[in-house]
Amino acid sequence: MSALDLGLREQASRIASGEIDPGELLDECLARIEERNPELNAVVATFPDQSRRMLERATDGPLRGVPVLIKDEWPLPWRAETVGAASVPGARLEPGESGPYRALRDAGAVIAGVANMHELGSSSTGNTSVYGPTHNPWDLERCPGGSSSGPGAAVAGGLVSGAVGADGLGSIRFPAAYCGLTGLKPTFGRSAMDGHHIANTETIVSGPLCSDAADCRLLASALFGEPLPAGGGEAGRRRSPTDQGLRIGVVRDPYWDDVAPGVRELCEAALEALRAEVAGEVIEVELREKDLVLPASVLIAQSEEAAHLTPANVNALSPELGVLNRGILKLRAILPGALTARAFLVRAKVRRELAELFERIDVLAWPTVPAVAPPLTDPTIELPSGPSSADAGNARQAVLANLTGVPGISVPVGRDGGMPAALQLLGGWGSDALLLDAAEALERATDREFVELRPGALA
Amino acid sequence: MEAVSPLQRYLEAALETFGIEADEVERAVMAGVWSVYEPGMELLRTADLDGAEHELRADLSRPPKR
């Protein structure tokens, strides 16, 4: 087995003990990108000289010498981000030291390359980018999930063991779910975000995509700039699954009911396995404003990016920009302000409701995505309620966390028709470590079967 | 003749009012995206939010202040 196929923490630990030469690991990583990326299109830039320089200067941090990728959503000192697009209206994108870059550098990590993403982060599919679509390692004709498509496909494809993504409406959790990985959307404001082109965002966070929860914990700790201890120690936490008695809230309609039967079955089995592992309790709960969560989230997220969308800017959109984004940007430019104001009122109501709910439960659980990855060329899914665009179905499952700021994690729970399915857990504000604990409990309960699954062609 | 919803009428009028140019394909995309989210937007437009309190200086990293 190549050292590249070890998890992030194992690589870090063996580098620290001298068992692995980090220079050789980086060379191997770059060689593998060259070998596998033509099929996956997960990586859009490598820069061996800068990567080697990072390694030479690597601090003695928890990720010393470990190669990782970063989504094309933040600048690096030697490369401006492109956000997967030919141009970003109104934004001045320049090289620089972004927060995630500094966090990785300070942890001793080596950025081996920049990962592809859905153009302007506007979809959960990953099928559109100025660099071309990213392909899912489980089935190259299917969506890898977006918008952190490159980070997802790269980790699942074995190019690196960890990658930094961004999540504004589910964009870490979707590729984690589609690619069979663990992905953490941190509590808003907890992970490094400086340098993001949407500086005013109240929805987007950076976060890790890795094979399992322990690796996510390690990478998240770097992005948070603080350790995330397992099994306790997080300020304000109520209890840990290892303390026994996790209270798991489920909202059946629509988050469980309107889900493809195969995905629902796998998630139900995982929920029961988690409950049994932590001697927990599954509690049926209601979310009174659930029907308003999706429109409010979409409006707030769209308005964050609307300030630069003047008629002059949108009339001059690059013809290289995908037609979907040209339409979306023009739509965004005319969103009614009164609706957006109502969206903020809904956010206030939902945050209050959620705060009350998290007095009675520790986590909420439902499928991360309502169906497995659809084809790249036709990203529609079949749900009990009828056919749906993958984007609409996926967003419905994810946006509560972005609207309210709470953390969420996607954990693989098996395969439906050969493609990964995933359970999502949401926790109260600041309970990121609790979610990682719960994800690890689920891994234990399932003998790590699902986090150790690899795409057949790459096993 | 197919009925045009109020929100679709808004879309057409807003493009014209703000002087935003959109070709046929872009208009079709806008109408498609709009149609996906229109039911939710309509719910939001008509929801009874009277008396609902704003959250002043919301800190999304924490629960709302009581």
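What follows is a short chat about this predicted model.

Me: How many residues does the contact take from chain A and from chain B?
Reply: The contact takes 40 residues from chain A and 33 residues from chain B.

Me: And which elements of chain A give two or more residues to the side that touches chain B?
Reply: Those are helices H9 (290-304), H10 (311-315), H11 (323-332) and H12 (337-360) of chain A. H12(A) gives the most, with 11 residues.

Me: How do the residues on that side of chain A divide into nonpolar, polar and charged?
Reply: You get 24 nonpolar, 7 polar and 9 charged on the side of chain A that touches chain B.

Me: OK, switching to chain B. How many helices and strands does chain B have?
Reply: Chain B has 2 helices and 0 strands. Its radius of gyration is 17 Å, well over the 11 Å from the globule rule for 66 residues, so chain B is more spread out than a compact globule.

Me: What box do its C-alpha atoms fill?
Reply: Roughly 50 × 25 × 20 Å along the principal axes for chain B. As for burial, 20% of the 66 residues of chain B count as buried.

Me: Back to H11(A). Is it largely enclosed or open?
Reply: Largely enclosed by the rest of the structure, because 9 of its 10 residues are buried. Among them are Leu324(A), Asn325(A), Arg326(A) and Lys330(A).

Me: What do the buried residues of H11(A) pack against?
Reply: They pack against H9 and H10 of chain A, together with helix H2 (24-46) of chain B.

Notes. Residues numbered from 1 in each chain as written. Chains lettered and ligands numbered in written order. Predicted model: local features only at pLDDT ≥ 70, side-chain atom pairs only at ≥ 80, totals over all residues. Contact = placed C-beta atoms within 7 Å. Helix = DSSP H or I, 4+ residues; strand = E, 2+ residues; numbered from the N terminus. Nonpolar A, V, L, I, M, F, W, Y, C, P; charged D, E, K, R; others polar. Rg over C-alpha atoms; globule rule 2.2 N^0.38 Å. Buried ≥ 20, exposed ≤ 12 C-beta atoms within 10 Å, placed from the backbone.
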